[in-house]
Structures are given as structure tokens and as C-alpha cells.
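Here's a quick tour of how one model is packed together. Have the viewer open and follow along.

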Amino acid sequence: MDIVKLRELLEAELSSPELTELDGEFYDEFDSLIKALKLGAESSRERGEDIEERLYLAQLGIAEKLMREIIKIRLHKIVDLAVEGIPGELTAEERKIFTVLRAFIEREEIAVPEVTEEKLPERVPESPAEPLKRTAPSEAYIIKVNLPKILDPELREYGPFRAGDLVIIPRSLGKVLVERDAAERIRIAP
């Protein structure tokens, strides 16, 4: 398991409406990768290797973002399968989720332990140093051609888009689409 494998899996999940088949140990392998990266960063810090530590931490951040996207996409597909009542190629962990969803859909009694507010994990902000501020967008893009889902540099998903759609997307994505003549930028007056 490495970042390249995670990226390939993300691409496979994005390009197919079906679940990509995973090794039964996939989630355990991911946990091992995360532990190895954390240990590498800690070991580098103890040896005073600042650059090496930052490399490990950067890899850790990329791996976690890729995995969040993979899980998000797979969960959407698992919900679709549960609604249809068709179990797909699921890992043991995913099969538990599928079973709970099927029981919910069929209005069956679900044996779930009571969760109090104390037990709920806090949501970890993706960039805790940045306060959330919403501003009105100053530009939008008119899509000229049909586009599949696209990812920005932070691996956030946008689309799919149809020709003629008016969309508000990050400037970095808009710039690429304009350069490739796939979109036209328009200004939005305040």
C-alpha cells in the first residue's frame, strides 16, 4: 500500500459507477501505511531531520485526503447498492455498513449501541488555522463542453458538468478549463 496505489484506486472509483474490487485487508493496509508514515515523521524529528520529517508529514496528509475521497465515493455507491438490495464486492467493514443500511431501508429493528454526545468524535477541520468565511463569488464559468467529475489540487470533487452549465468553481480549475477552451469566464457584479 502506498500513495500511488491510493491515487489509482481513487481514479478507478471515479471512473466507474461500480465498486472497485478491494483486497479484504485494504483498510488494515491503509492503517499500516498511516502508522508507518507517522513513525517515519517522529523518527525524523528525533534525529533532527527537518526536511525528511516534512516529507513524511506531507505524504501523510496526501494519503489521508486520498482515503477520505475514496471512502466518500465508496459510501455513495454502497448506499445505492443498499437501496437496490444488491450486495456488491464489499470488504468486511463495508458489508457491515450495507447490512445496517438494508435494515434501515426495510424498516427492521437495528441493534445499534446508544451514542451519547460525550462519545461522539469531534469533527477535525481540514485546515484549523483558517477561520471559515464566506464571500460572494466574483466570477463564474460557462461550461462549453460536457465534462466528467474533476478534482482540484486539494482533491475536492466538482461536476460532472454539461455544456451550457453556469458554475462557480475554484479559480485554479476555472483557469485550466479556460486555457483548454472548455469554459468561458464571466464576472459577477457585486
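Let's begin with Glu 53, which sits in helix 3. This is a predicted model, so treat what follows as computed from it. Is Glu 53 buried or exposed? Its relative accessibility is 11%, and because the cut-off for buried is under 20%, Glu 53 counts as buried. Setting aside neighbours within four places in sequence, Glu 53 is in contact with Ala 41, Ser 44 and Arg 45.

Now for the packing of helix 1 against helix 2. Helix 1 covers residues 3-15 and helix 2 covers residues 26-47. Their axes lie 11 Å apart at an angle of about 140 degrees, and the two helices are therefore oblique to each other. The crossing of helix 1 past helix 2 is left-handed.

Who meets whom across that contact?

| Helix | Residues in the contact |
|---|---|
| Helix 1 | Lys 5, Leu 6, Leu 9 |
| Helix 2 | Phe 26, Glu 29, Phe 30, Leu 33 |

Sorted by class, the contact of helix 1 with helix 2 has five nonpolar residues, two charged ones and no polar ones.

Leu 6 turns up again in the largest nonpolar core, which has 17 residues. Along with Phe 26, Phe 30, Ala 63 and Met 67, Leu 6 is listed among those with the most contacts inside that core. Helix 1, helix 2 and helix 3 (50-84) each supply at least two of its residues. Not counting residues up to four places away in sequence, Leu 6 touches Met 1, Phe 26, Phe 30, Leu 33, Ala 63, Leu 66, Met 67 and Ile 70. Apart from this core lies another one, of 12 residues, including Phe 161, Val 167, Leu 177 and Ala 183.

Key:
Residues numbered from 1 in each chain as written. Predicted model: local features only at pLDDT ≥ 70, side-chain atom pairs only at ≥ 80, totals over all residues. Heavy atoms only, no water. Axes fitted to C-alpha atoms, helices over the stretch in contact; angles between N-to-C directions. Helix = DSSP H or I, 4+ residues; strand = E, 2+ residues; numbered from the N terminus. Parallel < 35°, antiparallel > 145°, perpendicular 65-115°, else oblique. Left-handed = near helix turned anticlockwise from the far one by under 90°. Contact = heavy atoms within 4.5 Å. Nonpolar A, V, L, I, M, F, W, Y, C, P; charged D, E, K, R; others polar. Core = buried A, V, L, I, M, F, W, Y, C linked by side-chain atoms within 4.5 Å. Buried < 20%, exposed > 50% of the residue type's maximum accessible area, 1.4 Å probe, protein only.
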